[in-house]
Amino acid sequence: MVEASKPAREEILGRVRRALAGVEPGYAVPPSPRIAPVSDVVAHFAERVADYRAVVERCSAADLAAGVAAALPAGARVVVPAGLTVPVPGADEDAGFTAAELDGYDAVVTEARVGIAETGTIVLDHGPGQGRRAISLVPDRHVCIVRADQVVPDVPDALPLLDPRRPHTWISGPSATSDIELDRVEGVHGPRTLHVLLVD
Amino acid sequence: MVTCINDALYPDTGRAVVTLLRRLGVEVEFPESQTCCAQPMVNTGYLDEAVPVVRNFVEAFEGYDAVVTPSGSCAGCARHQHAIVARRGADPALAAAVEATSARVYELSEFLVDVLGVTDVGAYYPHTVTYHPTCHSLRMLGVGDRPRRLLERVRGLTLRELPAADQCCGFGGTFAVKNAETSVAMGSDKARHVRDTGAEVLVAGDNSCLTHIGGLLSRQQSGVRTVHLAEILASTEGAAR
Amino acid sequence: MSATFVGMPAFPAAAHAALGNAQLRHNLAHATGTIRAKRQRLVDELDASCSWEELRLAGAGVKESALVDLGTHLERLEETLTANGATVHWARDAAEANAVVAAIVKAHGVDEVVKVKSMVTQEIGLNEALAAEGIAAWETDLAELIVQLGDDLPSHILVPAIHRNRAEIREIFLERMAAAGRPAPADLTDEPAALAAAAREHLREKFLRAKVGISGANFAVAETGTLVVVESEGNGRMCLTLPEVLVSVVGIEKVVPTFHDLDSLLRLLPRSSTGERMNPYTSTWSGVTPGDGPQEVHVVLLDNGRTNALADEVGRQALRCIRCSACLNVCPVYERTGGHAYGSVYPGPIGAILNPLLKGVGHDDQVDSLPYASSLCGACFEACPVRIDIPSVLVDQRAKVVDAHRGGRPKVEALAFKGAAVALSDSRRLGLGERFTGLGLRIGRRFGASKWTSARDLPPAPRESFRAWWRRTEGGGHGG
């Protein structure tokens with residue numbers, strides 16, 4: 001695209017080689033430590049997600065559809081991804097809506113790929129039941145279904161479960177900022193409400 | 001190692017170290033060829049100028065079992081920075097001498113607690129004091145709570161907690177003049193915290209930091225005195241200051 | 001942002017103005033105090049369950065392993081990104097990187113872009129370069145928005161508007177938002193939630209219509225061609241997801257070898273940065289994902305002095321920096337002077353080493369003053385999640401500043417140290433005894449004792465030096 005790119009590449013890589021002349025390239029990385037096991041990983045997850053001022057509700061598989069319905073305000077316009085395993089009456093399935101069209105939705109319901117207990121994090125890999133990244137971003141309320149068997153203790157347990165070729169969104173609570181006097185305030189550009197349904 | 005600042009400005013601290021160590025049965029010598037640890041040069045960037053000073057240091061202290069100094073900062077320089085100076089000097093003999101010497105350098109509280117294994121040094125000091133852990137003692141050497149443990153065993157002494165104790169006082173060697181205004185801003189906050197404790201005496205393990213904080217406390221006519229840890233530990237009932 | 005750091009005075013002069021600003025000092029003390037407490041609580045929590053120090057060692061190790069074999073990892077990154085459908089560009093300096101980005105934007109015929117907060121695009125002055133080409137770059141991070149609307153300069157790595165309090169932010173929003181797009185509501189209060197809501201409304205129209213997004217990256221995984229952006233507000237997700245075209249400018253030191261290497265870094269960064277177990281949003285993407293997000297993805301790999309730093313044996317470790325800003329928050333100098341005094345988008349302890357390493361020393365008094373902007377208290381090293389020994393690098397950079405000026409006309413300070421070296425290398429030259437007492441004071445005077453005594457008293461000179469006492473009493477054996 002820019003003609004300088006090829007000579008720039010060669011020159012930068014040449015500078016790197018010269019800078020590292022005589023430096024041994026092998027470096028043994030010490031293993032990262034693992035946290036002590038907790039007795040109830042799922043409860044730990046629920047507690048840590050709630051710490052971010054997200055709404056966390058535990059329910060049985062049988063009660064899930066009712067739980068989802070209760071998490072959606074009456075009359076809300078709801079978008080759902082293809083492949084969602086829970087029926088959401090009245091919701092529109094994503095049909096490649098534009099950003100502006102998505103902005104007309106009040107809420108989105110998705111599933112997730114992994115839950116990380118220690119950090120209270122939900123990871124979406126945007127596969128079936130989760131949808132494109134945009135649909136879980138633009139609507140102001142995100143109802144997210146996490147199955148108890150998807151919850152792992154900590155970050156090092158989650159990484160091997162994720163396919164790096166897919167895009168990921170790691171979500172830890174609702175959108176927030178610490179930009180005003182370094183105090184955390186929930187609710188900026190992402191969904192201001194994160195409602196997690198944890199299915200036992 | 002008495003240190004150049006103590007030699008020139010705080011001889012009482014040096015004398016206190018001698019008194020204290022002798023009281024604890026240590027054979028003390030002051031090799032008169034000692035001058036300075038070279039920290040002012042190293043920390044200002046004058047490495048060439050530091051080389052002859054470090055050479056003098058290792059020659060002066062060659063052959064002793066331990067080099068004890070009432071300064072966390074000077075001990076830190078000897079332990080962590082002399083090797084840098086030796087590398088600059090490109091002199092393998094100096095590097096070897098530095099390696100041999102620096103391992104035997106102890107800040108006073110380390111020597112008392114780790115080498116002599118004492119925390120009760122038989123001191124008496126009937127005053128209210130607050131303790132500032134100087135940065136190089138705290139973070140470069142990691143002396144931890146050794147000075148506190150020593151102070152807690154001093155009879156008559158009341159120890160008051162210093163708020164934000166681990167924040168730097170702003171001395172920082174030539175920082176105190178190169179960035180005098182920032183240094184004074186930091187020191188003023190430290191002095192305020194000291195005054196807030198209501199203590200009569202501010203104690204620390206480095207007279208350089210105490211000169212800075214004490215200079216501010218004095219200018220503010222606070223009435224708080226600054227005293228080196230060694231002088232408190234050397235005090236006894238018979239000769240209470 | 002039309003404000004610029006170019007032509008800033010050296011640190012002591014720049015600090016003078018900041019120290020005289022009581023509001024600024026209050027804002028900084030409040031904000032850094034808040035974040036220090038939050039960070040410490042989480043470090044202690046993690047330490048109770050495993051070991052913070054071991055995690056630091058692992059994080060430092062990951063970055064070090066990438067740096068010692070950087071050429072290999074960069075070539076691998078280029079290969080995997082390309083295989084994932086991204087276009088890789090290389091830029092030796094700021095001008096080259098800006099030209100690449102401007103050309104991409106112009107090729108799509110748009111006159112505006114939305115930006116995720118990115119240190120590197122500030123470093124290269126991308127917004128100003130794009131403005132010169134008639135392209136508006138909208139900052140979307142709340143603090144960046146405050147800085148941009150206020151025609152101000154960033155003063156902190158994480159929170160560029162840390163020097164502003166809520167009342168000042170309200171004023172800026174009320175006065176400036178209208179000229180940039182949707183105005184702030186007239187009844188805006190200074191509640192942080194209200195201010196955040198105003199930013200949400202103001203920026204949403206920009207997100208929804210943006211064709212081109214611009215980002216940096218916190219990490220770039222060589223093995224998989226994955227870029228990672230760590231953020232809080234969701235503005236990052238907006239910029240990375242909604243536009244058709246995404247351009248990411250990535251410093252070459254951001255590369256990590258493997259996907260698994262993200263483990264320690266993702267655990268260290270949020271705890272050190274915002275004092276959270278995890279930041280609200282982390283986005284990863286590996287080139288183009290068909291049907292999801294930008295379908296044209298560019299990555300600009302930037303040197304801009306990084307290979308200078310890499311060649312510096314002691315300073316190389318500064319390239320491990322993950323821009324968490326913990327060193328700023330614990331630094332007693334930063335807390336009093338704020339970030340502007342450092343004259344760079346990289347302020348604080350890391351800035352005091354990174355700027356001279358990237359730019360080189362000996363040709364700019366402002367850069368040369370930065371390694372001296374520290375009392376060497378060591379709080380930064382203690383807080384650094386990737387164990388950058390900032391005090392040691394500061395001392396090393398000071399030596400490089402002094403060395404760069406050797407050979408020219410020596411300054412008063414250099415003469416003083418040369419004299420001191422002669423005097424202190426042989427105690428006999430001191431003339432022994434009483435005369436030693438005078439030495440310290442003489443050196444002090446050469447340095448400008450007035451700078452000492454303007455606010456601090458000097459201790460009274462003792463009657464005799466220690467060595468004079470030792471001689472007189474034969475080692476304290478009698479008298480004294």
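**Chain C and its interfaces with chains A and B**

Colleague: How many salt bridges does the rule find across the interface of chain C and chain A?

Modeller: The model is a predicted one. One of the pairs joins the side chains of Arg48(A) and Glu45(C), with N and O 3.6 Å apart. Across the whole interface of chain C and chain A, the number of salt bridges found by the rule is eleven.

Colleague: Which residues of chain C lose the most area to chain A?

Modeller: The contact involves 101 residues of chain C and 76 residues of chain A. Between them the two chains bury about 7600 Å², of which 60% lies on carbon and sulfur atoms. On the side of chain C, three residues together account for 10% of what is buried, and these are Trp90(C), Arg92(C) and Arg200(C).

Colleague: Which element supplies the largest share of the side of chain C that touches chain A?

Modeller: Between chain C and chain A, 32 residue pairs are in polar contact, both residues having pLDDT 80 or more. The side of chain C that touches chain A is made up of 48 nonpolar, 30 polar and 23 charged residues. Its largest share, eleven residues, comes from residues 192-209 of chain C, that is, from helix 10.

Colleague: Which strands stand at the edges of the sheet of eight strands?

Modeller: The sheet is open, with mixed pairing, and its order is 8(A)-5(A)-6(A)-9(A)-9(C)-6(C)-5(C)-8(C). Within chain C, strand 5 (residues 219-221) and strand 6 (residues 226-231) pair in the antiparallel sense over three bridges, and Val221(C) stands opposite Thr226(C). A strand at an edge has a single partner strand, so one of its sides is left without a neighbour in the sheet; the strands in this position are strand 8 of chain A and strand 8 of chain C.

Colleague: Do the strands that join chain A to chain C run parallel or antiparallel?

Modeller: The strands concerned are strand 9 (residues 168-171) of chain A and strand 9 (residues 281-285) of chain C, joined by four bridges. Across this pairing, His168(A) stands opposite Thr284(C). The sense in which the two strands run is antiparallel.

Colleague: Is Glu123(C) buried or exposed?

Modeller: Glu123(C) belongs to helix 6 (residues 119-123) of chain C. Its side chain makes polar contacts with the side chains of Arg306(C), at 2.7 Å, and Tyr346(C), at 2.5 Å. Beyond four places away in sequence, the residues it touches include Leu302(C), Asn304(C), Val345(C) and Leu358(C). Because its relative accessibility of 18% is under the 20% cut-off, Glu123(C) counts as buried.

Colleague: How many salt bridges are counted between chain C and chain B?

Modeller: Here 62 residues of chain C are in contact with 62 residues of chain B. One of the salt bridges links Asp403(C) to Arg88(B), the closest N and O atoms being 2.7 Å apart. The count of salt bridges between chain C and chain B is ten.

Colleague: Which three residues supply more of the area that chain C buries against chain B than any other three?

Modeller: Chain C and chain B bury about 5500 Å² between them, 58% of it on carbon and sulfur atoms. The three residues asked for supply 13% of the area that chain C buries against chain B, and they are Phe417(C), Arg456(C) and Phe466(C).

Colleague: Which helix gives the largest share of the side of chain C that touches chain B?

Modeller: Polar contacts at this interface number 32 residue pairs, both residues at pLDDT 80 or more. Several helices of chain C each supply at least two residues, among them helix 2 (22-49), helix 19 (390-405) and helix 20 (412-424). The largest share, eight residues, comes from helix 21.

Key: Residues are numbered from 1 along each chain as its sequence is written. Chains are lettered from A and ligands numbered from 1 in the order in which they are written. This is a predicted model: local features need pLDDT of at least 70, side-chain atom pairs count only at pLDDT 80 or more; totals for chains, interfaces and linings use all residues. Side-chain values use heavy atoms; hydrogens and water are left out. Contact means heavy atoms within 4.5 Å. Buried area is the accessible area (1.4 Å probe) that two parts lose on being put together, summed over both. A salt bridge is a side-chain nitrogen of Lys or Arg within 4 Å of a carboxyl oxygen of Asp or Glu. A polar contact is a pair of N or O atoms within 3.5 Å; within protein, one must be able to donate a hydrogen and the other to accept it, and residues adjacent in sequence count only if both atoms are side-chain atoms. Ala, Val, Leu, Ile, Met, Phe, Trp, Tyr, Cys and Pro count as nonpolar, Asp, Glu, Lys and Arg as charged, and the others, Gly among them, as polar. Two strands pair if DSSP finds at least two bridges between them. Buried means under 20% relative accessible area, exposed over 50%, partly exposed in between (1.4 Å probe, protein chains only).
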